[in-house]
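Here is a short briefing on a two-chain model.

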Amino acid sequence: MVDRPLDEAELVERARHGDPEAWETLVRTYQGIAFRTAYLLAGSATDAEEAAQDGFLKAQRALARFRRGAALKPWLLRIVANEARNRRRSAGRRERLVLLAAAEARPGDAVPSPEAALLAREEQTRLLAAVERLPDDHRDAIACRYLLDLSEEETAAALGVRRGTVKSRLARALARLRESLEDEA
Amino acid sequence: MSSLERRLHSLGRELAFPPEPNLAASARPIGAGPFPWRWVALAAAVVVAVAAAFTVPQARTAIFRFFHIRGATVERVETLPQAQERSQAGGLGRRLALADAERRVGFQLLLPAFRGEPRVYVLDGVLATVILRLGDRPVLLSEYRATSYQSLKKSVPGSGTVEPVRVDGEAGLWLEGPPHTLTYFSANGEFRQRTVKITGNVLLWTHGPATLRLEGRISKSQALRLARRIR
């Protein structure tokens, strides 16, 4: 007989009954996206780490209230993102987002010509600057939905709003971005 | 999906995120593994273990093995180290004038409004401690500049109170229950165990580049009120 890995619902059930290894497995599964979400919302690595850790702590305490059968990721992101937004409000500052160094292209990436690479880099830099200029609610929607590649449901959970609000914020944010980029062209 | 949306997805893949912290290690139960000392790039560190008389039920607090704020890690331990009693002012280092102490540690100390010259002690050139008075009780305020949350490490027994708090919006931890034991690292990161027993509760928090610590026979509300006056 071969042991199969536990699925998420089983891990949640075990964690709910106090199995620390099950909880650790769940934390390990979601710590990356939770930290990145917290970083984009809080604006600092220190605040993001604290937000993620406090968020997971609160989530574990609240596991008994987690609805069986629901997706864990949006629920966790809602808690961590709330911690992150609280820290941003209190800190009132944000680290500037930066792109990976050109040499950090992932294995398997196509290698463009130097001129094309330079142009692409400039375009990304312009786009990132335009995103950073957006009002916070628009920027957060763009960050969650596109930069972090969250689903609309996950974005809504992270921002603490309804899916319809996410859709409308995204539409307005994209329109602003287009205007901003055209004005620069 | 529009061209702009595709470009945003692509931009997300090119963002340089800070290194991902190992939060799973924080969720590890007591005894599940050793603290990752190889991470600890220490200028100086202090270990304080809170030994007894805790008020929060174990079920509520025995969730994480590690708690972090910048410049400090609190670890739950099963067994406290052997410790000798010391007075609050013992083992704090060399007494210096405020200006000399600030030159020695390399930053301006944060203090409450003070009458007269504060008594400042500096340990190993990194940890500055000032003795404050709250009514007729002495309270120690210790400060150091931390670049990572591993710089200071406290240990509490599994049944102890470790409560995340905020001080003027900055992260903090409230540890309740005497006595404490204290161990620290030398300035070059070499582990130098020195264990003493202290009586009192502890508030840890960050303010700008500094990590601060209040220690004494004070309640949580007294500590928080005092901390908010320190700037």
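Two residues are in contact if their C-beta atoms, placed from the backbone, lie within 7 Å. By that test, A:Leu11, A:Val12, A:Arg14 and A:Ala15 in α1(A) meet A:Ala22, A:Trp23, A:Thr25 and A:Leu26 in α2(A). The contact of these two helices has six nonpolar residues, one polar and one charged. The model is predicted. Chain A comes to eight helices and zero strands, while chain B has five helices and 15 strands.

**Chain A: overall**

- Along the sequence, chain A reads α-α-α-α-α-α-α-α.
- Chain A has 185 residues, and 37% of them count as buried.
- Take the contacts in chain A between residues at least 6 apart in sequence: 65% join residues at least 24 apart.

**Chain A: the α1/α2 pair**

- Helix α1(A) spans residues 8-16 and helix α2(A) spans residues 20-42.
- Their axes come within 7 Å and cross at roughly 130°.
- Angles of 65 to 115 degrees count as roughly perpendicular and those over 145 as roughly antiparallel. The two helices, α1(A) and α2(A), are therefore oblique to each other.
- The crossing of α1(A) past α2(A) is left-handed.

**Chain A: helix α6**

- Helix α6(A) is mostly covered, with 10 of its 12 residues buried.
- The buried residues of α6(A) include three charged side chains by name: A:Arg139, A:Asp140 and A:Arg145.
- A:His138, A:Ala141, A:Ile142, A:Ala143, A:Cys144, A:Tyr146 and A:Leu147 in α6(A) are buried too.
- Just after α6(A), A:Asp149 has a positive phi of about 60°.

**Where the chains meet**

- On the chain A side, 37 residues are in contact with 28 residues of chain B.
- Six elements of chain A are listed as giving two or more residues to this side: α2, α3 (45-61), α4 (72-91), α5 (114-133), α6 (136-147) and α8 (163-184).
- By class, the chain A side divides into 22 nonpolar, seven polar and eight charged residues.
- B:Leu11 is one residue that reaches across. It lies in helix α1 (residues 3-13) of chain B.
- Setting aside neighbours within four places in sequence, B:Leu11 is in contact with A:Gln124, A:Leu127, A:Leu128 and A:Leu147.
- Is B:Leu11 buried or exposed? B:Leu11 is buried, because 20 other C-beta atoms lie within 10 Å, and 20 or more is the cut-off for a buried residue.

**Chain B: overall**

- Chain B has 231 residues, of which 39% count as buried.
- Among contacts in chain B with a separation of 6 or more, 68% are between residues 24 or more positions apart.

**Chain B: the eight-strand sheet**

- An open sheet of eight strands runs in the order β5-β6-β7-β8-β15-β14-β11-β10 (chain B), with antiparallel pairing.
- Its edge strands are β5 (94-96) and β10 of chain B, and each pairs on one side only.
- From one strand to the next, the twist averages 25°.
- Strand β8 (residues 137-145) and strand β15 (residues 210-216) of chain B run antiparallel, joined by seven bridges.
- In that pair, B:Leu140 stands opposite B:Glu215 in β15(B).
- Helix α4 (residues 98-105) of chain B packs on the sheet and touches β5, β6 (120-123), β7 (127-134) and β8 of chain B.
- The direction of α4(B) makes about 25° with that of β6(B).

**Chain B: the β10/β11 hairpin**

- Strand β10 (residues 161-167) and strand β11 (residues 170-176) of chain B run antiparallel, with seven bridges between them.
- The two strands β10(B) and β11(B) form a hairpin with two residues between them.
- B:Asp168 sits in the turn and has a positive phi of about 50°.
- B:Val167 stands opposite B:Glu170 in β11(B).

**Chain B: B:Arg119**

- B:Arg119 is placed in the loop between α4 and β6 of chain B.
- B:Arg119 counts as partly exposed because it has 16 C-beta neighbours inside 10 Å.
- Not counting residues up to four places away in sequence, B:Arg119 touches B:Arg95, B:Val130 and B:Ile131.
- B:Arg119 and B:Leu132 are 13 residues apart along the chain, and their C-alpha atoms are separated by 8.5 Å.

Definitions and conventions
Residues are numbered from 1 along each chain as its sequence is written. Chains are lettered from A and ligands numbered from 1 in the order in which they are written. This is a predicted model: local features need pLDDT of at least 70, side-chain atom pairs count only at pLDDT 80 or more; totals for chains, interfaces and linings use all residues. Two strands pair if DSSP finds at least two bridges between them. Helices (H or I, at least four residues) and strands (E, at least two) are DSSP runs, numbered from the N terminus. Axes are lines fitted to C-alpha atoms, for helices over the stretch in contact, and angles run from 0 to 180 degrees between N-to-C directions. Angles under 35 degrees count as roughly parallel, over 145 as roughly antiparallel, 65 to 115 as roughly perpendicular and the rest as oblique. A crossing is left-handed if the near helix is turned anticlockwise from the far one by less than a right angle, and right-handed if clockwise.
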